[in-house]
There are 2 protein chains.
Amino acid sequence: MIKIGIDTFGGDAGALNPILAAISYINENKDDNLYLYLYGDEKQISEEIEKSLDKKYINNIQIINTNDFIDLNKDVLSEFKRHTTSMSLGMKDLQDDKIDAFISQGSSAAIRIFANFVGRIKGIKECPFGALVPTMNKNTLLLDSGANVDIRPEDLQQFALLGSVYMKTLYNIQNPSVALLNNGLEEEKGNKQTKQAYQLLKNDKRINFYGNLEFRDFPKGLVDIVVCDGFVGNCILKTYEGTSKELIKLLKSIFLKNIKTMIAALLIKNELKEILKNYSTENFGGAPILGCKKVIIKCHGNSKEKELYNAINQAKDYIEKDITGKIISTYN
Amino acid sequence: MIKIGIDTFGGDAGALNPILAAISYINENKDDNLYLYLYGDEKQISEEIEKSLDKKYINNIQIINTNDFIDLNKDVLSEFKRHTTSMSLGMKDLQDDKIDAFISQGSSAAIRIFANFVGRIKGIKECPFGALVPTMNKNTLLLDSGANVDIRPEDLQQFALLGSVYMKTLYNIQNPSVALLNNGLEEEKGNKQTKQAYQLLKNDKRINFYGNLEFRDFPKGLVDIVVCDGFVGNCILKTYEGTSKELIKLLKSIFLKNIKTMIAALLIKNELKEILKNYSTENFGGAPILGCKKVIIKCHGNSKEKELYNAINQAKDYIEKDITGKIISTYN
């Protein structure tokens, strides 16, 4: 039996997307052994269940009623201990083994800190967010994509190991390649952190080390895993997303310029859509926080139903393929 | 009398671009008071001068003959002291006041270290590269775009001051706005470095502080100056450039897909070119290394004649508007 908790609060568009994702998942997968625990407003969740859940699976969705959500202006520890919010109720149930995984669209900072309360695997010092990023060539796991901003070179080595287990187990990539994000290709390039990390990565036989990856080559998708601290990871991820978004906006404005360009837009529309679809993250689900004792997945605040649906699948896969167990055995 | 040195070695395409830029600059500007010192192969330079320099200005280009260039595999101090390479000859002449400015397409790492030997303005601890980046709204000066990877929060405050003097003096922007590049908008966001820097920037009345700028908003061009350490600066600059390049490549591949898309390409070609021209850095010249006692400008290894021509103009402007003097008076 697999039990996955879903925080219905925290998304930009309210609770509907996670509720509908849960209902569709149960309806479509017809899996008696899967139970989804929805943390949120009982009335709203019940109404949607009434409307669309296949009655056969009525027990496969459980509701944990709350109308409270965490206050980011308050102390995080006290917010975690205040077991009335959707996120703290879910994280507490995770800690108490009532559920096996927890999915939330809430604040990354809160998820990161709550995850530390839930507990790290023995030997793991920092738990990174792993965002799977669609690039020109392949999907690259970016670790840490934003959890830990001040870290040690040894943590980058741990990220490489965590990412290797994750990509191998979840995506069946044998011997995944790992690059160190850096400001130059040569071994001696970088800041204090990356120079030391290079040596650790190079000398760790468990890691298929590619070497340094220059920032400008990140969009090319040359490796399976890229490691860096959470500040730089957030920088590259957000700059990549932000630049793509602004350029697409620019392209749209060009298409609207005059009759000629509007005709061009019509002629190219389908091909453009087809290609851009490859760069959508909807199919990936969310970013797991790796190295935690339990499965925690962070989805974008603006995730639509499809992305949340895929996050449920991702959590189920994570549990069934026992990524946590495999990480533990790497560290023992 | 203004004397500007130009390293003709160090460019990806050989010495021709800097030589032609120098000759065009002299021919077109007809300025008796401007002298350009070309460091490089006398024979090649003489031949080009013979071919295209207006004979009236024959004395305005001087040649410092060398066929040697720095070896990046050797110790930088000894390379600096080995006064036989184009870069060390130029930097030495700068140090000895024989020239007022030096332009090079050579290695950033070498230029940065050589600049420290030439000397920093009293009170300046780290000299950042200032790359002017064309964004969706305005040109933004990114400081440090790659010189110093391990710095103190106080250095970010200095970068803000250096950038303010530069943008105000060279581009006539009154009260230029300065943002701190960070992983969140709120004051308490960031790593140790940016959290401390935020307070320094906020409390410095000489700085028109905008607050934190999130990575994803960098392409929008919301401020005149963005400060960050050289590792993160290099990350955002290269990711921005790399992503733009890959997306344009992708767009081109879509245009080539079939007859329909090829017609679309023809219909939109001019508008696309017109808009993309706004994002060219050719008109900017190069990236100055700010806070140095002397004017040093780094151009891209792949800079064409036009960019190098504009770098000469930029160096001339830097000297005539006495940016160095204005920085000194900010610090005294």
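Contact here means heavy atoms within 4.5 Å, and the model is a predicted one.

Q: Which residues does A:Ile4 touch, leaving out those up to four places away in sequence?
A: A:Ile4 touches A:Leu34, A:Tyr35, A:Leu36, A:Tyr37, A:Ala101, A:Ile103, A:Ile312, A:Ala315, A:Lys316 and A:Ile319. A:Ile4 is also among the residues that touch the most other members of the largest nonpolar core, which has 197 residues. Others in that group include A:Leu36, A:Met91 and B:Val227. A second, separate core has 21 residues, including A:Leu251 and A:Ile268.

Q: Why is B:Thr66 called buried?
A: Buried means under 20% relative accessible area. B:Thr66 comes in at 6%, so it counts as buried.

Q: Where does B:Thr66 lie, and what does it touch?
A: B:Thr66 lies in the loop between strand E3 (61-65) and helix H3 (76-81) of chain B. Leaving aside residues up to four places away in sequence, its contacts include B:Phe9, B:Tyr39, B:Asp41 and B:Leu89.

Q: What makes the pairing of the B:Thr66 side chain with the backbone nitrogen of B:Asp68 a polar contact?
A: The cut-off for a pair of N or O atoms is 3.5 Å. The B:Thr66 side chain reaches that nitrogen at 3.0 Å.

Q: How do you know that the radius of gyration of chain A agrees with a compact globule?
A: For 332 residues, a compact globule would have a radius near 20 Å; chain A has 21 Å, so the two agree. Chain A holds 11 helices and 11 strands, and 58% of its residues count as buried.

Methods: Residues are numbered from 1 along each chain as its sequence is written. Chains are lettered from A and ligands numbered from 1 in the order in which they are written. This is a predicted model: local features need pLDDT of at least 70, side-chain atom pairs count only at pLDDT 80 or more; totals for chains, interfaces and linings use all residues. Side-chain values use heavy atoms; hydrogens and water are left out. A nonpolar core is a set of buried Ala, Val, Leu, Ile, Met, Phe, Trp, Tyr and Cys residues joined through side-chain atoms within 4.5 Å. Buried means under 20% relative accessible area, exposed over 50%, partly exposed in between (1.4 Å probe, protein chains only). Helices (H or I, at least four residues) and strands (E, at least two) are DSSP runs, numbered from the N terminus. A polar contact is a pair of N or O atoms within 3.5 Å; within protein, one must be able to donate a hydrogen and the other to accept it, and residues adjacent in sequence count only if both atoms are side-chain atoms. The radius of gyration is taken over C-alpha atoms; the globule rule is 2.2 Å times the number of residues to the power 0.38.
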